[in-house]
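Trainee: Hi! I'm new to this one, could you walk me through it?
Mentor: Happy to, let's open it up.

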Amino acid sequence: MNNIQHLRYAVEVERTGSISKAAENLYMGQPHLSKAIRELENEIGFDIFNRTPKGVIPTQKGKGFLEYTRNILNQIDEMEARYKPSPEGKQEIRIAVPRASYISYAFTEFLKTLDFDNDIKVDYRETNSLHAISDVASSTDDIAVIRYQLDYEKYFLTSLEDNDLRHELIKEFEYHALMSTSHPLAVCSEVSYEELQQFPEINPGDISVPALPLSEARRFAQSLDRKKSIKVYERGSQLEILSRVPNTYMWVSPMPRDVLDRFGLVELPCDASKKRFADVFIYRHGYRLTANDKKFLELLKKAAAEMV
């Protein structure tokens with residue numbers, strides 16, 4: 001039998017219904033993935049998938065094989081979590097998260113708890129929610145935080161169930177307008193969307209909105225075509241611009257007081273931002289959270305509770 005990774009490839013192809021989409025999620029070339037699936041099929045002696053113009057569909061035998069494969073992979077993941085040797089002093093964590101200051105703040109606090117005299121292996125990536133779900137399901141990451149608009153909660157909870165992932169709510173919130181304490185509107189207790197339109201908005205240079213499926217994200221981005229917009233692709237630059245160019249603003253999830261004070265910023269509720277969002281902690285069913293996972297989760301909850 002081919003290695004375990006080939007089995008994970010097959011499960012991801014089934015989940016996406018597409019070789020190309022599965023290859024994208026697995027960060028590998030489509031020809032390489034197709035070759036790996038063919039090798040697996042040749043070894044077991046039957047086709048796992050029917051290839052059609054609309055994608056790939058499991059054969060009758062393939063359905064049984066994939067169900068058995070998922071059970072095996074879940075057991076392997078649980079066994080590794082429980083019994084995989086961990087050299088003394090080694091510290092590991094693999095996590096995917098949305099772009100959020102309170103999450104990066106919690107992660108910074110987590111890093112401060114590590115023993116830098118011993119081995120450290122940390123993988124912390126900012127990505128959208130759909131990629132995070134895929135990465136945890138395929139064991140690319142062990143844990144993740146996903147963000148979605150509550151209007152789309154059913155969509156995301158169904159996706160978590162389909163991928164056999166567990167979840168825990170961290171925080172529900174509304175987006176606020178973030179600006180310098182020197183901004184002309186900073187003295188207000190709440191701002192209106194009309195007032196904000198007078199000022200340049202800083203926004204991420206991509207449209208990978210973590211709260212929405214890609215098709216919805218595109219429509220959302222197109223609907224917010226503004227005359228005064230500054231696209232920035234790096235978070236540190238965004239905060240520096242807000243701090244040093246006092247008439248700019250941007251939309252954010254609530255932030256820790258420490259971050260606001262450090263950059264001289266204030267966040268205000270807005271009458272146009274009444275949609276509620278949720279940040280949710282996820283991990284695979286059968287995966288046993290490590291001490292480091294639990295420590296990060298503890299600090300994440302603490303940071304969420306302290307958000308303004």
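Predicted model: local features only at pLDDT ≥ 70, side-chain atom pairs only at ≥ 80, totals over all residues.

Trainee: Helices, please! At what angle do helix 1 and helix 3 cross?
Mentor: Helix 1 (residues 4–16) and helix 3 cross at roughly 110°, and their axes come within 10 Å. Helices (H or I, at least four residues) and strands (E, at least two) are DSSP runs, numbered from the N terminus. Axes are lines fitted to C-alpha atoms, for helices over the stretch in contact, and angles run from 0 to 180 degrees between N-to-C directions.

Trainee: So what do we call that arrangement of helix 1 and helix 3?
Mentor: Helix 1 and helix 3 are roughly perpendicular to each other. Angles under 35 degrees count as roughly parallel, over 145 as roughly antiparallel, 65 to 115 as roughly perpendicular and the rest as oblique.

Trainee: Which residues make the contact?
Mentor: His6, Leu7, Tyr9, Ala10 and Val13 of helix 1 meet Leu33, Ala36, Ile37, Glu39 and Leu40 of helix 3. Contact means heavy atoms within 4.5 Å. By class, the contact of helix 1 with helix 3 has 8 nonpolar, 1 polar and 1 charged residues. Here Ala, Val, Leu, Ile, Met, Phe, Trp, Tyr, Cys and Pro count as nonpolar, Asp, Glu, Lys and Arg as charged, and the others, Gly among them, as polar.

Trainee: Is His6 buried or exposed?
Mentor: His6 is buried, with a relative accessible area of 12%. Buried means under 20% relative accessible area, exposed over 50%, and partly exposed in between (1.4 Å probe, protein chains only). Not counting residues up to four places away in sequence, His6 touches Ala36, Glu39 and Leu40.

Trainee: And how do helix 5 and helix 12 pack?
Mentor: Helix 5 (residues 101–111) and helix 12 (residues 291–305) pack at an angle of about 135°, with their axes 8 Å apart. That makes helix 5 oblique to helix 12. On the helix 5 side, the residues in contact include Tyr102, Phe107 and Phe110, and on the helix 12 side they include Phe296 and Leu299. The residues of this contact of helix 5 with helix 12 divide into 11 nonpolar, 1 polar and 2 charged.

Trainee: New topic: how many salt bridges are there?
Mentor: The count comes to 21 salt bridges. A salt bridge is a side-chain nitrogen of Lys or Arg within 4 Å of a carboxyl oxygen of Asp or Glu.

Trainee: Which residues are linked in a network of them?
Mentor: Arg38, Glu41, Asp47 and Arg51 are linked in a network of salt bridges. Arg38 pairs with Glu41, with the closest N and O atoms 3.4 Å apart, and Asp47 forms a salt bridge with Arg38 at 3.9 Å.

Trainee: Where do Arg38 and Glu41 sit in helix 3?
Mentor: Arg38 and Glu41 are 3 residues apart in helix 3 (residues 30–44), so they are separated by about one helical turn. Arg38 is partly exposed at 39%, whereas Glu41 is buried at 2%. Asp47 is partly exposed, with a relative accessible area of 40%.

Trainee: What about Arg262 and Asp258?
Mentor: Their side chains meet in a salt bridge of 2.8 Å, N to O. Arg262 and Asp258 are 4 residues apart in helix 11 (residues 257–263), so about one helical turn separates them. Arg262 counts as exposed at 53%, and Asp258 as partly exposed at 37%.

Trainee: Last one, what about the loops? Where does Ser139 lie?
Mentor: Ser139 lies in the loop between helix 6 (129–137) and strand 5 (143–149). Ser139 has a positive phi of about 70° although it is not a glycine. Ser139 is buried, with a relative accessible area of 12%. Leaving aside neighbours within four places in sequence, Ser139 is in contact with Arg8, Asp77, Arg94 and Arg284.

Trainee: And Asp164, where is that found?
Mentor: Asp164 is found in the loop between helix 7 (153–162) and strand 6 (165–174). Asp164 has a positive phi of about 60° although it is not a glycine, and at 32% relative accessibility Asp164 counts as partly exposed.

Methods:
Residues numbered from 1 in each chain as written. Heavy atoms only, no water.
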